[in-house]
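Thanks, everyone. I'll take a few minutes on the salt bridges in this one. The sequence and the model are coming up now.

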Amino acid sequence: MDMNISVEEQAFRHEVSAFARANLPKPVRNKVLFGEKLAKAEYVDWQQRLYRQGWIAPSWPVEYGGTGWSLGKRRVFHHALALCCAPETISFGISMIGPVLYTFGSDAQKAKYLAGILKSETWWCQGFSEPNAGSDLASLKTRARDRGDHYVVSGQKTWTTHGRHADMMFCLARTTEEAKLQNGISFLLLDMKAPGVEVRPIETIDEGASICEVFLNEVVVAKSELVGVEGRGWDYAKFLLGNERAMIARVGRSRMQLERARRVAASQRSGGRALSEDPLIQRRLCEIEARLRALEISELRALDGYRPGKGFDGATASMLKIEGSELCQQLTELLLDLTGRYSRVYMGRYEQSPIGGSDAHGAMGDHLFNRVATIYGGSTEVQKNVIAKSSL
Ligand SMILES: Cc1cc2nc3c(=O)[nH]c(=O)nc-3n(C[C@H](O)[C@H](O)[C@H](O)COP(=O)(O)OP(=O)(O)OC[C@H]3O[C@@H](n4cnc5c(N)ncnc54)[C@H](O)[C@@H]3O)c2cc1C
């Protein structure tokens, strides 16, 4: 695989960076740099700028609004945006439900939903996990009862990211009881404003509340909102989870964090010299660089092997997820160590005055929230089981 960047790709990188410099408001750039959560309006504004430029969904087929770029160009695009501290596109629409709909959805569903996803007009959340169905997702209890032209859905979802802000949920619900738990699960599109939907935020260790519990009490869902075939939802969920896990590799974001760590190491001093001259810090930076390059190559190989309609091979997506999430945690730990006590005494919102240098902004909040990177999208232990089952 050729990892070199062609002259054409270099020119494209400049074009993308210039676009980001011209379109990214400084407060948003700073929030991304310091790992703070953005408001929904900030995401929508940025994503709509990408949409107007025709760049919102590079991985989608051209007929549905994709760009038709080569793999190399997509890589350059994502990395250039990440290094400019642009927000990562909210994944639930573009990376998760969009590909499910254009692959398995009806023509009516494509017509109804794809444009709203591309324009960031419809905000989606993922209703898979339940209080007793996380790793063991197939044991989910939410029930969709057949009432002729509609289902009546009852149950509880949890850890629903952006549940408070979402207009729609893609949801797994049991339509029939089967001996094999994976059978009899259906994939439904559910209106979050429908009667019977109750959302309760969950406060997290970083003082945020981006995740929620969602209670579904006899929610009416029209049969036209069933994706694909009734009882085959598990297949579509696996396709979606492959995309989700591969995306959690977050190579671009880790590259940005590594650059930040290098800058902080060069500016912070200890014992009369810059931390970047400390052999232990140098070693940690080099180890992360080596892991990141290996991950980048693995991600490109995985994208090269991606087949429309089939998605990622499950073990490959799990491998990217494990490595990318561990790297993400290694980087936030390094940033905490580099900024020392300043990042420990406050969570550090960008608007607040810093106690020490501005480098410490957000480091603690980002570090604490990223403890979940090895849990959401499927825990590391469970991903190792997936790899073992498929490869050993
Ligand atoms: C911040 C955050 C956001 C999330 N967002 C969403 C969302 O938007 N939508 C959604 O549907 N879900 C979401 N999730 C849920 C997430 O997918 C689950 O938390 C995850 O799959 C783990 O399930 P669980 O929490 O029930 O843990 P459990 O399944 O109870 O696991 C507990 C522990 O046991 C281990 N374990 C479990 N089974 C095995 C096994 N067979 N072998 C070895 N070890 C095992 C796990 O690795 C873990 O360490 C989110 C979670 C978090 C933390």
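The count comes to 22 salt bridges, and bear in mind that this is a predicted model.

Start with glutamate 296 and arginine 255, whose side chains meet in a salt bridge at 3.7 Å, N to O. Glutamate 296 sits in helix α9, residues 279-304, and arginine 255 in helix α8, residues 251-267, so this pair ties together parts that are 41 residues apart in sequence. Are these two residues buried or exposed? Both glutamate 296 and arginine 255 are buried.

That pair also belongs to a network of salt bridges, which links Arg75, Arg255, Arg262, Glu289, Arg293 and Glu296.

Next, arginine 291. Its side chain meets that of glutamate 323 in a salt bridge, 2.7 Å from N to O. Arginine 291 is in helix α9 and glutamate 323 in helix α10, residues 314-339; the two are 32 residues apart, and the pair links distant parts of the chain.

What about accessibility here? Arginine 291 is partly exposed, because its relative accessible area is 26%, and buried would mean under 20%. Glutamate 323 has 22% relative accessibility, so this residue also counts as partly exposed.

Which other residue forms a salt bridge with arginine 291? That is glutamate 326, with the closest N and O atoms 3.2 Å apart. Again the pair links distant parts of the chain, with glutamate 326 in helix α10 and arginine 291 in helix α9, 35 residues apart. Glutamate 326 is at 28% relative accessibility and therefore counts as partly exposed.

That's it from me; I'll take questions.

Note on methods
Residues numbered from 1 in each chain as written. Predicted model: local features only at pLDDT ≥ 70, side-chain atom pairs only at ≥ 80, totals over all residues. Heavy atoms only, no water. Salt bridge = Lys/Arg side-chain N within 4 Å of Asp/Glu carboxyl O. Helix = DSSP H or I, 4+ residues; strand = E, 2+ residues; numbered from the N terminus. Buried < 20%, exposed > 50% of the residue type's maximum accessible area, 1.4 Å probe, protein only.
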